[in-house]
Amino acid sequence: MQHLLSVENISVAFDGGTGESVPVDDVSFHVDAGETLCIVGESGCGKSVTVLSVMGLLGKGGHVTAGRALFEGRDLLAMTDAELDNVRGNRLTMIFQDALSSLNPVLTIGSQVTESILAHMPVSRAEAEIRAEKLLTRVGLPDAQRVMRKYPHTLSGGMRQRVMIALALCCSPRLLIADEPTTALDVTIQAQIMRLLKELQQEYHMALVLITHDMGLVAEMADRVLVMYAGQVVEEADVHTLFRSPAHPYTRALLQSVPSIHDTQDRRLASIRGTVPELYQSIEGCRFFNRCEMARPECAQQPQTLEPAPGGSSARCWVVTQVPEMILEAAPHAE
Amino acid sequence: MQNDTPQPPLEPDGAQTLLSVRGLIKQYPIRRGWFPRTVATVHAVDGVDFDLHRGETLGLVGESGCGKTTVGRQIVGLETPTAGEILYHGQPLPERLRGGERGDRTRLQMVFQDTFASLNPRKRIGDILGDPLLYHRLATRKTVWPEVHRLLDLVGLPANAAQRYPHEFSGGQRQRVGLARALSLKPDLIVCDEPVSALDVSIQAQILNLIRDLQHELQLTYLFIGHGLAAVHYVSDRIAVMYLGKIVEIAPSSDLFFAPQHPYTQALCDAAPVPDPEERKRDRIVLSGEIPSNLQPPAGCRFHTRCPYATELCKTVEPALIAHVPEDPGHMTACHHAQRWITKKGALQA
């Protein structure tokens, strides 16, 4: 079966004062129609840059050095700007963490949504306005007619994010990429937005790529999960496998370091020592080596590849995928 | 409660009470016009009472704009209360400090969310930590360096950090500096204002553990302000939930999440994503609407505009923060219908 989006071995480089940095190194993943893929990782791991490169939004200084990104069979990276404009905002859309800076501050909400519809659909302005109002009502904005006359700064963060979602839905996209859409919002609003995204996904039968650092959201939303660390995918698994038997030491540590309101308080959080290495692209071996509990001397030399792990996921760690006594330990909950 | 700090026995006269907050109110007038006059008032904090006992951590949770940070800032003296009292060891704190006389204010310190804005970028870490000591004459030029090194060691930073500037450190390390600075004057109470909200998950755990370890080592008392329920639960003995400038529920932290009595607390618990995909299908209250403006808080119970169970009574009469279960005086809720939740939860557990 053809995947809706298939990203193959993508690498991104940024020109810096001191040379080139490579925030994304050989990342591959795919998204099928209607499914939710979560990309999870800490800040600086390359999760946003990955999707920005797919969307062609890297900006000055950043460029894709290798790889392909096939969306409905066509390579997004090989498209001309005009071809891209046809796909982006239409079949493939994106919402961002900071909804305020994503909206134009001097245009009303109504004119922005209407403009977006007019740009992609052969409808009259009056029809576009009706459609815009319907969309704004659908995303849960009370009194949409009034909201259409308002400017972005007069809306709350949650309402702005709803407007962004309405904008993204203008043309019934096949794939919506959401880059930390609720990080700046309160938990009760986050719950509303996530519920809305789930409903819309069903309604439009669209696929969702959700970028987040919150393991709780991953558990709630994902079908499949991609864990990124230092510019690489370190583990890929379906959500149940990931939480039941995480393979990569980083994923395991990440899961153990999340507090939960259901914990008793004698549980001590496991923390990952140290920090993400800087200039990680020059590291020969495993990039998690300096923080890993299971590190062995060989890890420092050997570049790691994604291999099937015993729990059912793929992990970029030769210890859990190849060392027999570790394999048993690697799947602590698997029966 | 499964807490590893031995809880000091509470004497009837409250001898172990370190800090009492009584009827705390903070209003910000909004002034407009050529001859500025007050056109509206922001009711940031609207009558907050609580006690902090020596050695405990009180968590303060709520959504943005609920006034939790303002409470913290008033306690350390960064804001002057509009009304109400803050008693330290039963005595009111001096409003402003004059030169030479520092008094009890140094016993109350604060750790901030934004580690970049709260550290002077032009000062070396050694000076950031050492200057308060010199200023308050707790050390001399000769004795300050060993003290700085002791502080750095306490928070897990290398001694050579003293020579470096804030920008050379990561967010987590800067928060360690923030903690070290708060500790430098040997405080009794530290107000932690969302100390981990800006940090990555793996670093959050480091800092939360450090905060807990320091408490054991130095017998500190914390007011821990946050919006992440799980993180607040992890460090707190008791938790107070704030909504629109008022405390709606206060309880030992295990009770609060296992048997919440206020619908808002329940909604907050339900809204917090649980890191377990098997939990997805659980019944959840998802609140509709957003937090109302604190220019004109709703009459009656402030939560009634979003509460799925609100009745006529809730729209007119403001509920008091009281204990609803006589055997459990430490669990107080401001809800007319709290009794309903208690029986319901009891039935669920049985």
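Predicted model: local features only at pLDDT ≥ 70, side-chain atom pairs only at ≥ 80, totals over all residues.
Which residue stands opposite A:Leu226 in β9(A)?

Strand β9 of chain A runs over residues 224-229, and six of its six residues are buried. In a regular strand the side chains alternate between the two faces of the sheet. Here both faces are covered, with A:Arg224, A:Leu226 and A:Met228 buried on one side, and A:Val225, A:Val227 and A:Tyr229 buried on the other.

Now to the neighbours of this strand, and to the opening question. Strand β3 of chain A, residues 36-40, pairs with β9(A) in the parallel sense over four bridges, and the residue that stands opposite A:Leu226 is A:Ile39. β9(A) also pairs with strand β10 of chain A, residues 232-238, in the antiparallel sense and over six bridges; there, A:Tyr229 has A:Gln232 of β10(A) as its bridge partner. Two residues lie between the strands of this hairpin, and A:Ala230 takes a positive phi near 50 degrees.

One residue of β9(A) leads us on to the interior. A:Val225, buried in the strand, is among the residues that touch the most other members of the largest nonpolar core, which has 191 residues; A:Leu175 and B:Leu223 are also among them. Helix α7 of chain A, residues 157-169, gives this core its largest share, eight residues, and at least three residues come from each of domain 1 (5-222) and domain 2 (247-330) of chain A.

Finally, if we leave aside neighbours within four places in sequence, the contacts of A:Leu175 include A:Leu4, A:Val31, A:Leu92 and A:Val209.

Definitions and conventions. Residues numbered from 1 in each chain as written. Chains lettered and ligands numbered in written order. Buried ≥ 20, exposed ≤ 12 C-beta atoms within 10 Å, placed from the backbone. Pairing = 2+ DSSP bridges. Core = buried A, V, L, I, M, F, W, Y, C linked by C-beta atoms within 7 Å. Domains from an automatic or database assignment. Contact = placed C-beta atoms within 7 Å.
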